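This report covers one protein chain.

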Amino acid sequence: MNRYLALIIAVLSGAEMQAFQLAPRLVVNITIDQLRTDYLEAFTPLYTADGFRKLLSQGVTYDAASYPYEPVERASAIATIATGTTPYYHGIIGNRWLDRNTLRPFFCVDDPQHYASPHKLMTSTIGDELKVSTHGAAVVWSVAANKECAILSAGHAADGALWIDENANRWRTSTYYSAVTPEWLKQISTIKQELTKNKQLTNDEVANMALQTITHTSMGTDDVSDMLSVTLSATKPGGNMTDWQTEMESVYMQLDNTLGRLITGIEKAVGKERVLFVVTSTGYAEDTPSDLSQYRIPTGTFYINRTANLLNMFLSAVYGEGRYIETCFGNQMYVNHKLLEQKRISISELLQRSQDFLVQNSGVADVYTAERLLAGNNDILKLRNGFSPTLSGDIIIEVTPGWRLLNEDTMESFTSRTGFIPFPIIFYGAGTHAERIAIPVTTERIAPTIAKSIRIRAPNACSAEPLF
C-alpha cells in the first residue's frame, strides 16, 4: 500500500500536490484591535522570534489591507471579517445604533433573553458554514476581552463565545450557545489578576483562555476542521497618548510576546502543518483629541442638535408645524416617517430640501441622504457599504476634517478625521510560504480565503473572491 501511495505522490505535479494536501485541521483567526502597519514596522528590531517576526518572515503578508466601507468601528470590522461582506448586508453598522422604535441607542449584541447574542447579525459567518458543512461535527469557539468581538466572530452556530466580565473579574459566555456552562469552563472562569484598564494583562488572559479552549475541546485532533477566533488589542491602557514612540513601543513589544506564546502553544498542541493562522486588524484608530486651534489648524465645532432644531424650523416653514427630524445619533439624523405619511409629504422632496439646507452650514463637508446612498454610485460606494436602510439614519452628515461634532443633548462628541490607517492581512502555517504582496486588498476577502482552504462554502452574503 505504501509503495502505491509513494508512486501516486511521485507523479503528481506541484499544483496537484497542493490540491492533494489535507485541509487545515484548525483555523485560528486572530484579529488585533487597532493594529497599525506603521507601528508594527517601527518596532520590528524589538520583536522576538516567535511573534510578529515569525508571521512576517514565514507567512503570506498583504501589506496594503483596508475595509470596503466607512466608517469602521470595532464591531462592524469583526462582523465583516467573519461574514465576508459589509454592514449593508450583515447589519452590524457600528458598536451601537439607534432603535427606530424607541429612539434609544442599542448595543450591537445586547439580547434581553440571553444577555448577549448574535441575533442582530443578519448573515452567516465562516464558523456557521463550517458547522453546516460538517453537520455540526466541527468545533467552533471564540475568545475575546469584550462581548461584541467574542459573539460576532463566533457567529450563530458556534459551540461558545467567551469574554471577560470586568465587573465580576471572570470569564463568561452566553446562554444563547448553551444553557449549561461546560465543566472545564466553570473550573477556570475566575481571573486571578485585576484587568481594569490594563490591556496587556487582558491580552495575556485572552491568550491563556484560547490555549485552554483548544486543550479542553480537543480542537485540531481529528480529521474535521475546527475554528477558533481570538481578538487581541494593540492599544495603550487608558487611551490617552502623548508620545507614540515610547508608549506604543511597550504596547507592541508586549503584544508580540503574547502573540508568540499563543502561536507556539497552538503549534505544539496541533502541529504547524495542521493549523492555519489568519492575523489582521480592525482597521481604525481612536485618536486622542487635540486643540488644533493652538497650532493655527482650521477647526471648529458643529453642533448637530442645534442644527437639527434649525432644520425643523426650516421644514416647518415649508410644510407646516411639526417635528420632522425626530432625533440625532452620531452624525446621523432620523426623519419622522409617520409625520410625513400623515401630511402626505414626499420623503424624496424633504430629503432633498434638507440636504440643500444642511450643506450650507459651517463644518459640513457633505450631506448624504438615504436615497443618495441607495443609488449606489461608485464615488460613494464605501459609504453605502457601511449604511443600512433599516438601521441607519435618513441623513448622514460628513463633518469637515479637523472639526468637532458635538451633540449637547447626549454629549456625544468626536473630531472628524479621514486619514488612512495602514494594516496587514497575514496567513501563516498549513503549508503557506513566505511572500510579501503590496497589491491593495480588502478584508471581506478573508472569509472566502479561509472557506477555500478548508473546502467549504463561503458565508451566504459573501461575493468576494478568495485572496489565493
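Helices here are DSSP runs of H or I with at least four residues, strands are runs of E with at least two, and both are numbered from the N terminus. The model is predicted: local features need pLDDT of at least 70 and side-chain atom pairs count only at pLDDT 80 or more, while totals for chains, interfaces and linings use all residues. Residues are numbered from 1 along each chain as its sequence is written, and side-chain values use heavy atoms, with hydrogens and water left out.

Nine of the 10 residues of H5 are buried, so the helix is largely enclosed by the rest of the structure. Buried means under 20% relative accessible area, exposed means over 50%, and partly exposed lies in between, for a 1.4 Å probe and protein chains only. The buried residues of H5 are Ala 75, Ser 76, Ala 77, Ile 78, Ala 79, Thr 80, Ile 81, Ala 82 and Thr 83.

## Helix H7

Helix H7 (residues 126–133) is mostly covered, with six of its eight residues buried. These are Ile 126, Gly 127, Asp 128, Glu 129, Leu 130 and Lys 131. They pack against helix H5 (74–83), strand S7 (140–143), helix H8 (147–154), strand S10 (226–233) and helix H17 (446–453), where contact means heavy atoms within 4.5 Å. Just after H7, His 135 has a positive phi of about 55°.

## Nonpolar cores

A nonpolar core is a set of buried Ala, Val, Leu, Ile, Met, Phe, Trp, Tyr and Cys residues joined through side-chain atoms within 4.5 Å. In the largest core, which has 51 residues, the members that touch the most others are Tyr 62, Ile 92, Cys 108, Leu 152, Ile 425, Phe 427 and Ile 450. A second, separate core holds 44 residues, including Phe 52, Val 139, Val 143 and Leu 228.

Apart from neighbours within four places in sequence, Ile 92 is in contact with Ala 75, Ser 76, Ala 79, Pro 87, Trp 97, Cys 108, Lys 120, Leu 121 and Leu 152.

## Cysteines

How many disulfides are there? The count is zero, with a disulfide taken as a pair of cysteine sulfur atoms within 2.5 Å. For Cys 108, the closest cysteine sulfur is that of Cys 149, at 8.6 Å, which is too far for a bond. Cys 108 is buried, with a relative accessible area of 1%. Cys 328 is also buried, at 9%.

Thr 61 is in strand S2 (residues 60–66) and is buried, with a relative accessible area of 0%. Setting aside neighbours within four places in sequence, its contacts are Leu 55, Leu 56, Pro 424, Ile 425, Ile 426, Glu 435, Arg 436 and Ile 437. Between Thr 61 and Thr 202 there are 141 residues of separation in sequence and 26 Å in space, C-alpha to C-alpha.

Thr 213 lies in helix H10 (residues 199–217), and its relative accessible area is likewise 0%, so it is buried. Not counting residues up to four places away in sequence, Thr 213 touches Trp 141, Val 143, Leu 162, Trp 184 and Leu 228.

## A four-stranded sheet

Four strands form an open antiparallel sheet in the order S13-S14-S16-S15; two strands pair if DSSP finds at least two bridges between them. Strands S13 (325–329) and S15 (364–369) stand at the edges with a single partner strand each, so one side of each is left without a neighbour in the sheet. From one strand to the next the twist averages 20°.

S15 and strand S16 (residues 395–399) run antiparallel and are joined by five bridges. The bridge partner of Val 364 in S16 is Val 399. Helix H14 (residues 347–358) packs on the sheet and touches strand S14 (332–335), S15 and S16. The direction of H14 makes about 175° with that of S15; axes are lines fitted to C-alpha atoms, for helices over the stretch in contact, and angles run from 0 to 180 degrees between N-to-C directions.

## The chain as a whole

The chain has 17 helices and 21 strands. Its radius of gyration is 24 Å, close to the 23 Å that the globule rule gives for 468 residues, so the chain is as compact as a globular protein of that length. The radius is taken over C-alpha atoms, and the rule is 2.2 Å times the number of residues to the power 0.38. Along the principal axes, the C-alpha atoms fill a box of roughly 90 × 50 × 45 Å.

Of the 468 residues, 52% are buried. Among contacts between residues at least 6 apart in sequence, 69% join residues at least 24 apart.
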